[in-house]
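Thanks for coming, everyone. I will walk through one model this morning, from the overall picture down to single residues. Please keep the structure open as I go.

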Amino acid sequence: MKNIRLGLLNCLLLAIIPLSSAIANDSKSVETFSTAAPAQLEARQSSKLNSVVTQAYQSHVWFHSVDIYLSGDINSNGYYHRLEVEFDADTSLAYQQVFAEFTLLPTYGAERLYYTSSVFELFAESSNDWLAVDTVLDQHFAADDYLLTIRLYDAQTGYLLAEISGFDDNSLDYIPLEDYGRDSYHEHSSSVEVSAGSTGILALLALCLVLYQRLRLKIIRS
């Protein structure tokens, strides 16, 4: 009975472990964001550059720009283990608290959440409310061309406010990535050794001597 109770307790503990903790060991991320609110929202950015036009979904919040940077290709196979994503989002409100989710979708397989940001603030159309997430993929990411998706959620309600992915912007698709464990040198070699040293010569001479003796005995008997 005691063993049954312990088994049920273990199952319960496993059931309540959040998914984010299960994937936390697959990658390590460091986020950086602007914490300074613009004075009186004086710089409403009508002159912003690099605006994103097509987005999967947007409400009163939208992505203004998204930039990605790749680094870390130890084995020089064209796949990187470090991905940095930086974006600037805007809102039609004066102030909005949000958080972001980042996922990667391989060519074959399911979409994987690799990072959820902390809560940060958007100030109208200011350029001073950007977020950057620098991630090192540690394991469980095979060498592949991945599709990146970024989703913004309301920090209070959890409602989806904006979404953009490689389906909308080509720069977020076909991202060549692999985990750090695979991004290393793997030397595989095979060889066949043929020896013709002194041992081989002696064996050949012995075989010739045996054949000579047999031939000599055959001649004598005949």
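Let me start with burial. Buried residues make up 34% of the 222 residues in this protein. The protein exposes about 14300 Å², and carbon and sulfur atoms supply 57% of that area.

Please keep in mind that this is a predicted model. So what does the confidence look like? The mean pLDDT of the protein is 79. Of its residues, 65% reach 70 or more. Where pLDDT is low, the predicted coordinates should not be read in detail.

Now the layout. The protein has three helices and 11 strands. From the N terminus on, the elements run α-α-β-β-β-β-β-β-β-β-β-β-β-α. What about contacts across the sequence? Take the contacts with a separation of 6 or more: residues 24 or more positions apart account for 73% of them.

On to the sheet. Four strands form an open sheet in the order S1-S8-S4-S3, with antiparallel pairing. Which strands sit at its edges? Those are S1, residues 27–33, and S3, residues 61–71, each pairing on one side only. Neighbouring strands of this sheet are turned by 15° against each other on average, direction ignored.

Look at the S1 end. S1 and S8, residues 131–137, run antiparallel and are joined by seven bridges.

Ser-65 is found in strand S3. Is Ser-65 buried or exposed? Its relative accessible area is 11%, under the 20% cut-off, so Ser-65 counts as buried. What does Ser-65 touch? Leaving aside neighbours within four places in sequence, Ser-65 is in contact with Asn-50, Val-52, Glu-86, Phe-87 and Asp-88.

Phe-87 brings us to the core. The largest nonpolar core has 30 residues. Those with the most contacts inside it are Phe-87, Phe-102, Leu-104, Tyr-114, Ile-150 and Leu-152. Let me pick out Ile-150. Not counting residues up to four places away in sequence, Ile-150 touches Phe-63, Val-66, Val-85, Phe-87, Glu-101, Phe-102, Ala-162, Glu-163 and Ile-164. Two of the other residues with the most core contacts, Phe-87 and Phe-102, are on both lists.

Next, strand S10. S10 covers residues 160–165 and is mostly covered, with five of its six residues buried. Which strands pair with S10? One is S2, residues 57–58, antiparallel over two bridges. Here Gln-58 has Ala-162 as its bridge partner in S10. Another is S9, residues 144–154, antiparallel over five bridges. Here Arg-151 has Glu-163 as its bridge partner in S10. S9 and S10 form a hairpin with five residues between the strands, and Gly-158 takes a positive phi near 80° in that hairpin.

That leads to backbone angles. Most residues other than glycine have a negative phi, and most peptide bonds are trans. Two residues deserve a look here. Ala-124 has a positive phi of about 50°, although it is not a glycine. Ala-124 lies in the loop between S7 and S8. With a relative accessibility of 2%, Ala-124 counts as buried. Now Tyr-174, another residue other than glycine with a positive phi, near 55°. Tyr-174 is found in the loop between S10 and S11, residues 175–177. Is Tyr-174 buried or exposed? At 62% relative accessibility, Tyr-174 counts as exposed.

One last stop: Val-119. Val-119 lies in the loop between S6, residues 112–116, and S7, residues 120–122. Its relative accessible area is 41%, so Val-119 is partly exposed. What does Val-119 touch? Not counting residues up to four places away in sequence, Val-119 touches Gln-97, Val-98, Phe-99 and Ala-155. The C-alpha atoms of Val-119 and Ala-100 are separated by 7.9 Å, and these residues are 19 apart along the chain.

That is the tour. I am happy to go back to any of these spots.

Technical notes: Residues are numbered from 1 along each chain as its sequence is written. This is a predicted model: local features need pLDDT of at least 70, side-chain atom pairs count only at pLDDT 80 or more; totals for chains, interfaces and linings use all residues. Side-chain values use heavy atoms; hydrogens and water are left out. Two strands pair if DSSP finds at least two bridges between them. Axes are lines fitted to C-alpha atoms, for helices over the stretch in contact, and angles run from 0 to 180 degrees between N-to-C directions. Buried means under 20% relative accessible area, exposed over 50%, partly exposed in between (1.4 Å probe, protein chains only). Contact means heavy atoms within 4.5 Å. A nonpolar core is a set of buried Ala, Val, Leu, Ile, Met, Phe, Trp, Tyr and Cys residues joined through side-chain atoms within 4.5 Å. pLDDT is the predictor's confidence in each residue, from 0 to 100. Accessible areas come from the Shrake-Rupley method with a 1.4 Å probe; for residues, only the protein chains shown count as cover.
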